[in-house]
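Good morning, colleagues. Please have the sequence and the structure open before you, as I shall refer to both throughout.

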Amino acid sequence: MTAIDRDRARAAFKSYTDAYDATNPRIALKIEHTYHVAEACDAVAREQGWSSEDIDLAWLCGLLHDMGRFEQLRRWDTFKDAESMSHAALGIEVLFGENPATTNIRDFIETGAHDELIRASIAYHSDFRLPAQLDERTRCFCDIVRDGDKIDIMRTIADSTVDTILKVDEDAFLASRFSVPTLAAFDEHRCVARDERNEPADYLVGLICFMFELVYPASRTLAREQGDIYRLLDAPFGITRPFTDPATQATWSRLKDEMRDWLARA
């Protein structure tokens with residue numbers, strides 16, 4: 001019998017998030033995102049042939065990965081770590097802090113046997129790179145949470161307007177250009193670091209580059225099946241007009257063609 005009771009974990013998550021204003025679209029977005037990431041972790045773990053116990057644990061890690069977002073928004077009214085604190089570290093504080101005010105990890109799972117693995121999957125889920133010293137099992141769970149997060153971020157962005165995400169209007173977005181470091185990251189088939197993004201258009205490249213670093217084959221399959229990567233290529237943020245600058249238009253056409261070719265082979 002598995003040590004993870006999903007109904008108990010869902011109830012604990014709902015109890016925790018009920019304390020926040022779900023009429024706030026940013027809170028609602030993070031609640032929905034959390035459930036999607038948990039289900040993505042479940043789906044990928046199943047397709048990769050993990051044991052039932054590890055599938056449950058992957059699902060739970062997905063459910064807990066963004067626990068810090070709600071306090072981050074309440075305390076600082078932002079989701080930007082640079083303007084507040086690391087939301088991953090805040091999630092660790094919420095779940096594993098010595099003086100938990102409203103919840104702790106035992107509300108979600110009775111046994112403490114998996115605490116260090118869960119802690120790592122939360123702590124490193126948004127880092128640019130995982131620490132080199134992780135043991136293989138911990139790395140597997142960190143990778144699956146990072147994959148699930150990337151897959152659902154693409155959905156979230158594809159469903160959102162450029163004003164909601166980047167706080168610029170369509171004209172400003174279409175007038176922006178691609179920075180050299182961002183294009184270098186794409187050509188190297190890797191994710192874009194935060195300090196490599198300088199213009200609104202760079203954010204779009206950073207999103208599609210998520211595909212390059214999905215670790216599990218089942219993650220790449222799931223992302224293609226869900227189709228959000230194609231929505232980002234065809235109409236980013238729902239925008240169908242071309243970039244203003246002809247050279248930027250040509251570059252975007254190249255990136256789209258190369259990504260479609262890569263997706264056909266991945």
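Predicted model: local features only at pLDDT ≥ 70, side-chain atom pairs only at ≥ 80, totals over all residues.

Glycine 49 follows helix α2, and its phi is positive, near 80°.

Helix α2 runs over residues 25-47, which makes 23 residues. From its first C-alpha to its last it reaches 33 Å, close to the 33 Å expected at 1.5 Å a residue. At the start of α2, please find asparagine 24: a side-chain oxygen of this residue comes to within 2.8 Å of the backbone nitrogen of arginine 26.

Which residues of α2 are buried? They are Ile27, Lys30, Ile31, His33, Thr34, Val37, Ala38, Ala40, Cys41, Asp42, Val44 and Ala45. You will notice that Lys30 and Asp42 are on that list. The partners against which these buried residues pack are α1 (6-17), α3 (52-64), α4 (68-76), α7 (136-158) and α12 (217-226).

I shall take one of those partners, α4, in more detail. Two packed helices are described by the angle between their axes and the distance between the axes. For α2 and α4, the angle is about 170° and the axes are 10 Å apart. Since angles over 145 degrees count as roughly antiparallel, α2 and α4 are therefore roughly antiparallel to each other. On the α2 side, the contact is made by Arg26, Ile27, Lys30, Ile31 and Thr34; on the α4 side, by Arg69, Phe70 and Leu73. Sorted by class, this contact of α2 with α4 has four nonpolar, one polar and three charged residues.

Another partner of α2 is α7, and here I would draw your attention to isoleucine 153, which is found in that helix, α7. Not counting residues up to four places away in sequence, isoleucine 153 touches His33, Leu207 and Phe210.

The buried residues are Ala201, Asp202, Leu204, Val205, Gly206, Leu207 and Ile208. What covers them includes α7, α9 (170-175), α10 (180-187), α13 (228-234) and α14 (246-265).

Helix α5 comprises residues 87-96 and helix α6 residues 115-123. Their axes come within 8 Å and cross at roughly 150°; α5 and α6 are therefore roughly antiparallel to each other. Which residues make the contact? From α5 they are Ala88, Gly91, Ile92, Leu95 and Phe96, and from α6 they are Asp115, Ile118, Arg119, Ile122 and Ala123. Those residues divide into seven nonpolar, one polar and two charged. Within α6, the residues Asp115, Leu117, Ile118, Ala120, Ser121 and Ile122 are buried. The buried residues of α6 pack against α3, α5 and α7.

Next, two backbone details in loops. Histidine 189, in the loop between α10 and α11, has a positive phi of about 55° although it is not a glycine. Phenylalanine 237, in the loop between α13 and α14, likewise has a positive phi of about 55° without being a glycine.

Finally, alanine 12, whose place is in helix α1. Alanine 12 has a relative accessible area of 11% and is buried. Where are its contacts, if we leave aside neighbours within four places in sequence? Alanine 12 is in contact with Asp107 and Phe108. From C-alpha to C-alpha, alanine 12 is 7.9 Å from threonine 103, although 91 residues separate the two in sequence.

I shall be glad to return to any of these sites in the discussion. Thank you.

Conventions:
Residues numbered from 1 in each chain as written. Heavy atoms only, no water. Helix = DSSP H or I, 4+ residues; strand = E, 2+ residues; numbered from the N terminus. Expected span 1.5 Å × (residues − 1). Buried < 20%, exposed > 50% of the residue type's maximum accessible area, 1.4 Å probe, protein only. Contact = heavy atoms within 4.5 Å. Polar contact = N/O pair within 3.5 Å; in protein donor to acceptor, adjacent residues only side chain to side chain. Axes fitted to C-alpha atoms, helices over the stretch in contact; angles between N-to-C directions. Parallel < 35°, antiparallel > 145°, perpendicular 65-115°, else oblique. Nonpolar A, V, L, I, M, F, W, Y, C, P; charged D, E, K, R; others polar.
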